[in-house]
Amino acid sequence: MLPQGLAATLIDSGMLLGDQAETLLAMARQEEIPFVTLLLRQGYTDSQRLAAIIADSFGYPLLDLDAIDIRACPCDLLDHNFWQKHRVLPMQFTSPGPDNGCLYVAFADPVSLQMLDDIRLHTGRQVNAVVADGIKLWQALDHLMAKNRAEDDHGNAVLREISAADTLQAETTALASTVAASADVNPDDAPLVRFVDNVLRDAIYAQASDIHIEPFEEFVRIRSRIDGSLHEVSRPPASLAPRIISRIKVMADMDISERRLPQDGRLRLTEAKNDLRSIKSGKRQYIDFRISSMPTLWGEKVVMRLLESASTRKNLDDLDYEPAQQSMYRVALQKAQGLILVTGPTGSGKTVSLYAGLGLLNTMERNISTVEDPVEINIDGVNQVAVNKRTGLDFAAALRAFMRQDPDVIMVGEIRDQETADIAVKAAQTGHLVLSTLHTNSAAESITRLLNMGVPAYNLCGSLSLIIAQRLVRRLCSSCKVPASDGEARLRAAGMPAEQAVNHQVSLPVGCNSCHQGYRGRVCVAEVLPMSAELNRLIINGHSASEIESSARALGHLSLRESALARVARGDISLADADRLDL
C-alpha cells in the first residue's frame with residue numbers, strides 16, 4: 001500500500017524516499033506513536049523544513065518560536081501536564097478586531113489538532129492553531145515543565161524544612177521563647193521566618209488587599225484577596241499553624257501568650273526597591289499591615305490588611321471618578337465649611353477617597369485634624385488621632401477636643417452614633433470643613449440615616465455639602481477581554497436607554513498571563529450628590545430616600561447603577577459584576 005497524506009507529501013518534496021516512508025509508517029504503527037513524532041525523534045528529516053511542509057499542507061500559519069518569549073505563555077490556563085502530554089504550547093496574542101484575546105496554540109504534530117476542542121471546552125476561549133518547529137517546541141515545553149517542577153519543589157522544600165524544625169513545646173512560655181528567638185535569626189537561616197516573609201512578599205507583589213491565615217483540623221489555608229476575590233496561595237500542615245501565627249504576632253508586637261481573645265496589631269515592613277527582604281541603599285518604601293487575630297475552633301485566624309503607604313497614596317485624579325463627579329468633589333473641598341460624606345460598605349474605598357481629599361487640602365495655611373479607628377496612613381502635616389476605647393477616647397471625645405484646637409479641616413473616620421453626628425454637623429455649621437464616612441447603600445440613604453440618628457432636618461440642610469456613594473468593582477484586563485456578540489441588547493436589558501446603548505459593547509473576561517482570571521485591578525463606581533435648594537426642600541418636608549433619589553436623577557446626577565452601566569459600556573467592568581452590586 002502506497003503512503004498517503006503527509007507521508008506522500010514528504011516523498012513528493014524529496015524529504016523521504018518511498019521505502020523509508022513505508023518503513024517509518026510501519027514503525028509508528030508498531031510503537032503506537034504518531035508518524036511525525038517518530039520522524040522528529042529519529043531525526044530522519046530537518047525539523048524546520050518539516051514544519052514548513054506541515055503548515056503548507058494543513059493551511060496553518062508557521063511560527064518562529066525564537067521570536068516568542070515563552071515565559072509569557074499562559075500555561076496556567078490548563079494543567080501543565082496537559083500541554084506536555086499533547087505537545088502543544090499555549091500563547092496569548094492581542095490584536096485589534098474580533099480576534100483580540102484569542103488563545104493561539106502552537107503544535108508540531110497534526111495529531112495534536114485533535115486536542116483543540118478540548119482546549120476550547122476547558123478554557124472557554126476561541127482557539128487558533130499555528131505550526132512550530134517540533135524540536136524547538138519540545139525544548140520549550142521541557143524548559144517550562146522543568147521550571148514548574150523547580151517552583152513546586154522549592155515551595156515543598158520550604159514546608160519540609162519548617163516541618164523538620166524543632167518540635168513545638170506544649171507550654172505557652174516555651175512557644176514564646178522559641179518564636180521570639182526565631183525573630184532574631186537571619187531570615188536565610190530560619191525556614192519559618194523565610195516562609196512568612198515569602199507570604200508577605202508575594203501578597204505585595206500581587207497587589208493583594210488582605211491576607212487570610214486560617215487554621216483547620218488538617219491544614220492551614222493561606223489566601224490573598226486580589227481585586228476583591230480570595231485566592232488560595234498555600235496550604236501548609238496544621239501542625240505549623242501556632243508557629244506561623246506566633247511569628248506574625250511577634251512581628252506585630254501582639255501578645256503571643258493570649259489566644260483566647262481577639263487582638264489587633266500593626267507591623268511595618270521596609271521594602272527596598274524590587275526586594276522586600278534585602279534592604280539596600282537607596283529609596284525605601286514603608287508597607288504597613290493592620291493585623292487582626294480571632295480565636296476559632298482550630299486555632300487563631302489572622303487577617304492582615306495591606307495599607308497604602310504615604311508614597312503610594314492616591315490623589316483625586318487616581319480615584320476613577322467621572323470627570324463631572326471629580327469636579328463636584330473638588331468644588332466641595334474648596335469650600336470653607338460644610339460636611340462631605342463618603343458612603344458605602346466595608347472595602348468600598350471610602351477611606352482612600354477621604355485621604356485623596358485631605359491630600360488636596362494639606363497646605364501650610366490649614367490646620368487639619370483627623371480621628372480614625374485605626375489610623376491607616378500616616379500623613380505629614382496632618383494631626384492624626386487614633387480612637388482608644390479603653391481610655392475613653394472615642395470619635396465624639398476627639399471631636400469635642402478638636403473644636404478647642406483651632407481647626408480648619410476635620411476628618412472623622414466614621415459617624416457611628418448620634419453624639420458624633422451631632423458634633424460633626426454643628427462643626428460644619430460653625431466654619432469648619434468636615435469629612436466623614438457612613439455605612440449606607442446610596443447617597444439618599446445617608447440623609448435618612450442622619451435624620452434617624454436624631455440630627456434635625458434644618459441642621460442637616462445647613463451643613464451637608466456633598467455625598468459620595470461608591471463601590472470598588474473588578475476591572476477587566478485590557479489585554480484579554482473580548483466583546484460579547486450581543487452587547488447592545490444586553491445593555492438595553494440591563495436598563496440602559498436604547499439611545500445610549502447604541503454602538504456600545506459589553507466586554508467579557510477571558511484570562512491571560514498578566515491578570516487574575518480576566519481581571520486586573522479595581523475601578524471605582526460612584527454616585528456624587530451635591531446638595532441643592534431643591535434637595536434641601538425635600539429634606540425639610542420629610543420626603544423619603546426614593547423621592548430624593550428621583551429628584552437627583554431629574555437634576556442630572558448619575559445613580560450608582562447608571563455609573564456602573566456606563567463603565568460596562570466603556571469596557572471597564574463586566575455586566576455580571578455590575579449586576580452583583582445589586583444597585
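# Notebook: a buried threonine and its surroundings

I began with Thr420, which counts as buried because its relative accessible area is 0%; buried means under 20% relative accessible area, exposed over 50%, and partly exposed in between (1.4 Å probe, protein chains only). I note that the model is predicted, that local features need pLDDT of at least 70 and side-chain atom pairs pLDDT 80 or more, and that totals for chains, interfaces and linings use all residues. Residues are numbered from 1 along each chain as its sequence is written, and side-chain values use heavy atoms, with hydrogens and water left out.

**Entry 1**

I placed Thr420 in helix 14; helices (H or I, at least four residues) and strands (E, at least two) are DSSP runs, numbered from the N terminus. I then asked which residues Thr420 is in contact with, leaving aside its neighbours within four places in sequence. They are Phe395, Ala396, Leu399, Val412, Glu414 and Ile415, where contact means heavy atoms within 4.5 Å.

At the start of helix 13, I found a side-chain oxygen of Asp394 within 3.3 Å of the backbone nitrogen of Ala396. For such a polar contact, the rule asks for a pair of N or O atoms within 3.5 Å; within protein, one must be able to donate a hydrogen and the other to accept it, and residues adjacent in sequence count only if both atoms are side-chain atoms.

In the loop between strand 13 and helix 13 I looked up Thr391. Thr391 is exposed, with a relative accessible area of 59%. A polar atom of the Thr391 side chain lies 3.1 Å from the backbone oxygen of Asn388.

I traced an open sheet of 7 strands in the order 13-12-14-15-11-16-19, with mixed pairing; two strands pair if DSSP finds at least two bridges between them. Strand 13 and strand 19 (519-530) stand at the edges with a single partner strand each, so one side of each has no neighbour in the sheet. Neighbouring strands of this sheet are turned against each other by 15 degrees on average, direction ignored.

Within the sheet, I noted that strand 11 (residues 338-343) and strand 15 (residues 433-438) pair in the parallel sense over 6 bridges. Thr343 stands opposite Leu438 in strand 15.

Helix 21 (residues 560-569) lies across strand 16 (464-476) and strand 19, and runs at about 140 degrees to strand 19. Axes are lines fitted to C-alpha atoms, for helices over the stretch in contact, and angles run from 0 to 180 degrees between N-to-C directions.

**Entry 1: strand 3**

I asked how many residues of strand 3 (residues 103-107) are buried. The count is 5 of the 5, so the strand is largely enclosed by the rest of the structure. Leu103, Val105 and Phe107 point one way, and Tyr104 and Ala106 the other.

Strand 3 runs parallel to strand 4 (residues 127-132), to which 5 bridges join it. Phe107 stands opposite Val131 in strand 4. Together with helix 6 (residues 116-123), strands 3 and 4 make a right-handed β-α-β unit; right-handed means that, with the strands pointing away from the viewer, the path from the first strand over the helix to the second runs clockwise.

**Entry 2: salt bridges**

I recorded 26 salt bridges, each a side-chain nitrogen of Lys or Arg within 4 Å of a carboxyl oxygen of Asp or Glu. In one of them, the side chains of Arg330 and Asp317 meet at 3.3 Å, N to O. This pair links distant parts of the chain, 13 residues apart: Arg330 is in helix 11 (residues 323-333), and Asp317 is in the loop between strand 10 (299-307) and helix 11. Arg330 is partly exposed at 28% relative accessibility, and Asp317 is exposed at 54%.

The side chains of Arg553 and Glu562 meet at 3.9 Å, N to O. Arg553 is partly exposed at 22% relative accessibility, as is Glu562 at 37%. Last, I noted a network of salt bridges that links Glu214, Arg221, Arg223 and Lys301.
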